[in-house]
Amino acid sequence: MMKYSVLMILCLLTSTAQASYCSGKNWQDAYQLYTHNIDLLNNHIDRYNVLLDKVNLSEVGKGEQRFRVAKSSIEELDQLNIEVESLESKFNKVKQFWQLISDNCLHDDELDYNNKALENVRGADIGRKEVNDLLSRIEIVRSRFFQAIKLTHY
């Protein structure tokens, strides 16, 4: 009899925990994670734009100045690349969090909340795509700095 009571309590707790996943607390947590990632992405884009401006300086500068600008910019781009790569997994985690919320809202017959959570899943996907776009842009600018270094040595 005691075993069945424990099982029933465990079932109730499990179903309550699942139902509560469509709660405001989880929405707030997921939203905060998402906006934090967006803020990080925007900061990385700002850093990228500063480095992009240095491309012109490395093309106009001469000799040692060109080399120093290009070399330091490549180092900064390498560090930026590492940080942006880690952001991709953060967007994936946020996407999974929103998907879990969506699934639970659907389970709870909260269709409006389910639809909104699915929109947020798509938003996290867009963020991840922006990260991949930034990574490819970083590589392009990085190659331009390597080209500037090659020109310095000829």
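A disulfide is a pair of cysteine sulfur atoms within 2.5 Å. The legends below describe close-up views of a predicted model.

**View 1. The disulfide between Cys-22 and Cys-105.** The structure holds 1 disulfide. Its partners are Cys-22 and Cys-105, whose sulfur atoms lie 1.9 Å apart. The link of Cys-22 and Cys-105 is right-handed, with 100° about the S-S bond. Distant parts of the chain are joined in this way, as the two cysteines are 83 residues apart. Cys-22 belongs to the loop between helix H1 (2-19) and helix H2 (24-60), whereas Cys-105 belongs to helix H3 (residues 63-107). Both Cys-22 and Cys-105 are buried.

View 2. Asn-114 is part of helix H4, which covers residues 111-152. Its relative accessibility is 7%, and because buried means under 20%, Asn-114 counts as buried. The side chain of Asn-114 makes a polar contact with the side chain of Ser-102, at 2.5 Å. When residues up to four places away in sequence are not counted, Asn-114 touches Ser-102, Asp-103, Cys-105 and Leu-106. One of these residues, Cys-105, is also a partner in the disulfide with Cys-22.

**View 3. The largest nonpolar core.** This core has 19 residues, and those with the most contacts inside it are Val-84, Val-131, Ile-138 and Phe-145. Helices H2, H3 and H4 are the elements that give two or more residues to the core. The most comes from H4, which gives 8 residues. Around Val-84, leaving aside neighbours within four places in sequence, the residues in contact are His-44, Val-131, Leu-134, Leu-135 and Ile-138. Among these contacts of Val-84 are Val-131 and Ile-138, which are also named with Val-84 as having the most contacts inside the core.

**View 4. Confidence along the chain and in residues 1-19.** The protein chain averages a pLDDT of 84, and 81% of the residues score at least 70. Over residues 1-19, however, pLDDT stays under 50. For residues 1-19 the model has 3 contacts beyond four places in sequence. Helix H1 (2-19) falls within this stretch of residues 1-19, where pLDDT is under 50.

Terms used
Residues are numbered from 1 along each chain as its sequence is written. This is a predicted model: local features need pLDDT of at least 70, side-chain atom pairs count only at pLDDT 80 or more; totals for chains, interfaces and linings use all residues. Side-chain values use heavy atoms; hydrogens and water are left out. Helices (H or I, at least four residues) and strands (E, at least two) are DSSP runs, numbered from the N terminus. Buried means under 20% relative accessible area, exposed over 50%, partly exposed in between (1.4 Å probe, protein chains only). A polar contact is a pair of N or O atoms within 3.5 Å; within protein, one must be able to donate a hydrogen and the other to accept it, and residues adjacent in sequence count only if both atoms are side-chain atoms. Contact means heavy atoms within 4.5 Å. pLDDT is the predictor's confidence in each residue, from 0 to 100. A nonpolar core is a set of buried Ala, Val, Leu, Ile, Met, Phe, Trp, Tyr and Cys residues joined through side-chain atoms within 4.5 Å.
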